[in-house]
Amino acid sequence: MLLTAEIDRLSPETAVVTFQGSLTLGTSLKVADSQLQSAIAAGVTRLVIDMSGVDFLDSAGLGMLVYIYGALNEKTGTLRLCGVSQRVASVFRLTRTDSFLVMDDCREASVAALNQAFANLAVVVDLTVKDQVDFAGFV
């Protein structure tokens, strides 16, 4: 089945990509990879990939997901997968990529987790800035 990718920008930094078809070596995977890389270059740092329409994944598809994870990680971003079939999840378990490719049951759960992680990060950054200001007087 031919792969299609639909990107839904929820905010300037958040997007949900919905894949339909097989994540396998070929032109359609290259096009999808290019779309994802363009979104990251345009400022997306929080990404959900909805894989509920993905029926199969080969090493090229797995490699693309790992690359996107790394690209987001370099920008202190987050990737979450949702709707992963048992067949595809077994590939993640077999390759042990399930240790860093976080999977949720549904799109809503992934988006909520991203929003919560972003809210927690904002609190940590705020505390860090306050701590630096408070300790500045002791130098």
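This is a predicted model: local features need pLDDT of at least 70, side-chain atom pairs count only at pLDDT 80 or more; totals for chains, interfaces and linings use all residues.
1. Helix α1 has 15 residues, and at 1.5 Å a residue it should span 21 Å; its end C-alpha atoms are 21 Å apart, so expectation and model agree.

2. Next, which residues of α1 are buried? They are Leu29, Ala32, Asp33, Leu36, Ala39 and Ile40. These residues sit on the same side of α1, because they cover an arc of only 120° around the axis. Here is a handy rule: an α-helix has 3.6 residues a turn, so residues three or four places apart point the same way.

3. Thr27, Lys30 and Ala41 are exposed, on the face of α1 turned away from its buried side. The buried residues of α1, for their part, pack against β1 (4–9), β2, β3 and α2. After α1 comes Gly43, which has a positive phi, near 115°.

4. On to the largest nonpolar core, which has 29 residues. Phe19, Leu23, Leu47, Ile49, Met51 and Phe92 have the most contacts inside this core. At least two of its residues come from each of β2 (14–23), α1 (27–41), β3 (46–57), α2 (59–74), β4 (78–82) and α3 (86–95). Helix α2 gives the largest share, 6 residues. Another core, of 5 residues, lies apart from it and includes Val16, Val48, Val111 and Leu114.

5. Finally, have a look at Phe92 in the viewer. Setting aside neighbours within four places in sequence, Phe92 is in contact with several residues, among them Met51, Leu57, Leu62, Leu65 and Leu81. Its contacts also include Val84, Thr97, Asp98, Leu101 and Met103.

Notes: Residues are numbered from 1 along each chain as its sequence is written. Side-chain values use heavy atoms; hydrogens and water are left out. A nonpolar core is a set of buried Ala, Val, Leu, Ile, Met, Phe, Trp, Tyr and Cys residues joined through side-chain atoms within 4.5 Å. Buried means under 20% relative accessible area, exposed over 50%, partly exposed in between (1.4 Å probe, protein chains only). Helices (H or I, at least four residues) and strands (E, at least two) are DSSP runs, numbered from the N terminus. Contact means heavy atoms within 4.5 Å. The expected span of a helix is 1.5 Å times one less than its number of residues. The arc is that of the directions from the helix axis to the C-beta atoms.
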